[in-house]
Amino acid sequence: MRLSRYPINTMKETPAEAEVVSHQLMLRAGLIRREAAGLYSWLPFGLRVLKKVERIIREEMDRAGALELVMPVVQPAELWQESGRWSMYGPELLRIKDRHERDFVAGPTHEEVITDIARRELKSYRQLPVNFYQIQTKFRDEVRPRFGVMRAREFIMKDAYSFHLDQASLTAGYRAMFDAYTRIFTRTGLTFRAVRADSGAIGGDVSQEFMVLASSGEDAIVFSDGDDYAANLEAAAAVPPATPRPAPAEPLRKVATPGARTIADVAAFLKVAPERCLKTLIVQGTEGAVVALVLRGDHELNAVKAQKLPGVASPLQLATPQQVLAVSGTEPGYVGVAGLRCRVYADHAALALADFVCGANEKDMHLTGVNWERDVGEVTAADLRNVVAGDPSPSGKGTLQIARGIEVGHVFQLGDKYSRPMKALVLDESGQEVTLLMGCYGIGVTRVVAAAIEQNHDERGIIWPAPIAPFQVVLVPLNLQKSARVRELTDQLYTEFTAAGIEVLYDDRDARPGVKFADAELLGIPHRLVVAERGLEAGKLEYRGRRDSASTDFPLGEALAFMRARLAG
RNA sequence: CGGGGUGUAGCUCAGCCUGGUAGAGCACUACGUUCGGGACGUAGGUGUCGCAGGUUCAAAUCCUGUCACCCCGACCA
C-alpha cells in the first residue's frame, strides 16, 4: 500500500478524551475514530489488524472442528422471555421496538438464538456433539463505556456454543475450546494467563477467563506461587484461618468515638490496627429484608461472593439509611455486630478475632473488647472478602500474589441453563428425550487489539506483535522526490516484496525523514527498510526492527532474501 | 445511577473571574527555501464559542434550563 494514497492523518498530540495508552495510540495512529460514547469506526489500518486477529481465531476454531455461522444482531424479545433473561438482564440490554411496536433486543450475546437453532435442527444424539461459532458485532449498553474499544458499547465478539448429550462430552468439548483459546492467544503473540472465574450473568458452573497481563488491566487476578492455581479476584476463595480463635481477654467496653465513621477513623482514634476492627455492612436482602455482612476492617467485601448467599439480593446493593436505622438503631458508621435485628453473615477472618472493635449501634460510640460467643451470639460463617496478597492459596500450595489483567476470552460450561427453559431436546440411543448440555465460549476480538497495544508499546508508539501487525514491512525512501535512483529502487523493492507475498507499506509521501520515521514507529510496523542516497552509494540498504536500538546495513542485492530471513525469524 | 469536571477551528488549548472587533500552536492550501529524526519563510482558508431561553445598548464571558462528552465508584468480551 502506498501511503501517499492514504488519507488518514496521524496525530502528534494526544486527544484529551483518551485515558489509557492503547486508546491514545489507536487514535493517534488513525486506527479508530469515535462516533459517540462507546461507538467506534475502524479505519483501514485498524481494520487490517482486526482482520488478522479474526483470521487466527477462525483458523483455530475451524481446526477445533467448530462450524461458522452468522446470527442476527437484532433478536426477537420472545426468545429472551423464554430464557428468562428479558427480565433478568438489566438496562445493559438494549431493547428496541420495530414499526409494529414489537419488542426486539440488540444482541449482547446469542445463547437464545443458538438454542433456538439447536432445538429445531438437532433431533438425535447422532448429531452430537456440535460447536457453532460466529464473529460478529455485539451491543451492550454499558453504564460507562471507557478506554476506547477496550470497553465499548458496540464491539466484535467471537462467540461459540457447543451442544452435548452428556457431561463427559461437555467436559471434552470445553477442554477442546480451552486448548483452542490457548493456541489463539499464543499465536497473537500476547502474554496471557487462564484463570478460574465467576460465571456472572451468563450463568453456569465451570468457567475460566483468559487474561492478557497488563498493569492497566481492569481486572485483578490472583495466582499462587506454589502451583498453577490462578483465579479472577472475584472467584478466588479465601481460606479460613487455621488457628483457633483466642479466648476473650478483655472486658466489653463502650467508648465514645465522636465523628469516627470509617474504619480508618476509628482505628486512628482508638489507636488499634484496622485488622482488629470489624466493619458491618447492611445490604439489601430478598423480599424487602436486609442482611448484615461483617468483615475485618482491613478486608474488602467481595460482591460476587456476597450476592450468592441465601437471602442476599443479587445484584448486591447497600441498604438505605432508613433500613440501617431500623435494624441497628443508628446510622451507617456506627453499626456493630451485637444486637442486630437481621440475618448476619460474618467472614471467616472476622470470626477468628477476639477482643475486637466494632460499632456500638449508637451514634458516636464504638465497642472494644468484643467477643463473638460472649457478646454477640449466633452468626453464619461465610467467605465474604477479596483475598489479599500473602493469603494462603486455596489449592493448598503456596501463597497468593495479585496482578492486573485484561479479560479477552471466557469459556463456560452452561449445562442446561438455556436448553431446559427453551426445551432443546434430542433423542438418545434408547429413544429417550434428553435435554442438551451447552458450553459457550467468547473472545472480545476488538478488545484483543487494544490489549495487544496495552502490552506492546513504547514512548514512540505501537509495537505490533508480528502475527497481527497491519503490515510486515515499511519502506522508507528518503528524498525520493529529488532522487530518481531512490525512487526507482524503492519502487522496485515494493513490487518485488509485494509479489513475494510480503505485506508492505510504502511511505512514498513527499515528507521529511523525521516525519516518516515518526509515523512508522507510531504505527508500529515490525520491520523498517530505509532507502537513501547515502547507503546506495555504498551499495547498502538499512534495516531496523521496531524493537531494535540500532540499524544494520546489508547489501542491496540481498533485499528479498534478507527480509524473508527477518520475517521467518 | 451517584459524585467530580469539561464543552471555543480537524487536534491540543488560551480568552470567561472584571461583558465591548474570537485567538495561539499543530493540521490544511499555494509558492519558495530545506531534506537521516515530527523544518522554515511568505500568503491563505477555517468557527452557528454545545444547544435553548433570559439579563444588557452590547454576551464566548453573567443567570436559568438542557444536551453531549470525560474522569472516579457498582457490571462485562
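**Exercise 1.** How many bridges join β4 to strand β6, and in which relative direction do the two strands run?

*Solution.* The structure is a predicted model.
Step 1: β6 comprises residues 103-106, and three bridges join it to β4.
Step 2: β4 and β6 run antiparallel.
Step 3: At residue level, P76 has F104 in β6 as its bridge partner.

**Exercise 2.** Determine the strand order of the open sheet that contains β4, and identify its edge strands.

*Solution.* Step 1: The open sheet has three strands in the order β4-β6-β5, and their pairing is antiparallel.
Step 2: β4 (74-76) and β5 (94-97) each pair on one side only and are the edge strands.
Step 3: On average, neighbouring strands in this sheet are turned by 40° against each other, with direction ignored.

**Exercise 3.** Classify the relative orientation of helices α2 and α6, and state the handedness of their crossing.

*Solution.* Step 1: The axes of α2 (residues 44-63) and α6 (residues 167-187) come within 9 Å and cross at roughly 150°.
Step 2: Angles over 145 degrees count as roughly antiparallel; α2 and α6 are therefore roughly antiparallel to each other.
Step 3: The crossing of these two helices, α2 and α6, is right-handed.

**Exercise 4.** Which residues of α2 meet which residues of α6, and what is the make-up of the contact by class?

*Solution.* Step 1: From α2, the residues in the contact are I56, I57, E60 and M61.
Step 2: Their counterparts in α6 are A180, R183, I184 and R187.
Step 3: By class, the contact of α2 with α6 has five nonpolar residues, three charged residues and no polar residues.

Terms used: Residues numbered from 1 in each chain as written. Chains lettered and ligands numbered in written order. Predicted model: local features only at pLDDT ≥ 70, side-chain atom pairs only at ≥ 80, totals over all residues. Pairing = 2+ DSSP bridges. Helix = DSSP H or I, 4+ residues; strand = E, 2+ residues; numbered from the N terminus. Axes fitted to C-alpha atoms, helices over the stretch in contact; angles between N-to-C directions. Parallel < 35°, antiparallel > 145°, perpendicular 65-115°, else oblique. Left-handed = near helix turned anticlockwise from the far one by under 90°. Contact = placed C-beta atoms within 7 Å. Nonpolar A, V, L, I, M, F, W, Y, C, P; charged D, E, K, R; others polar.
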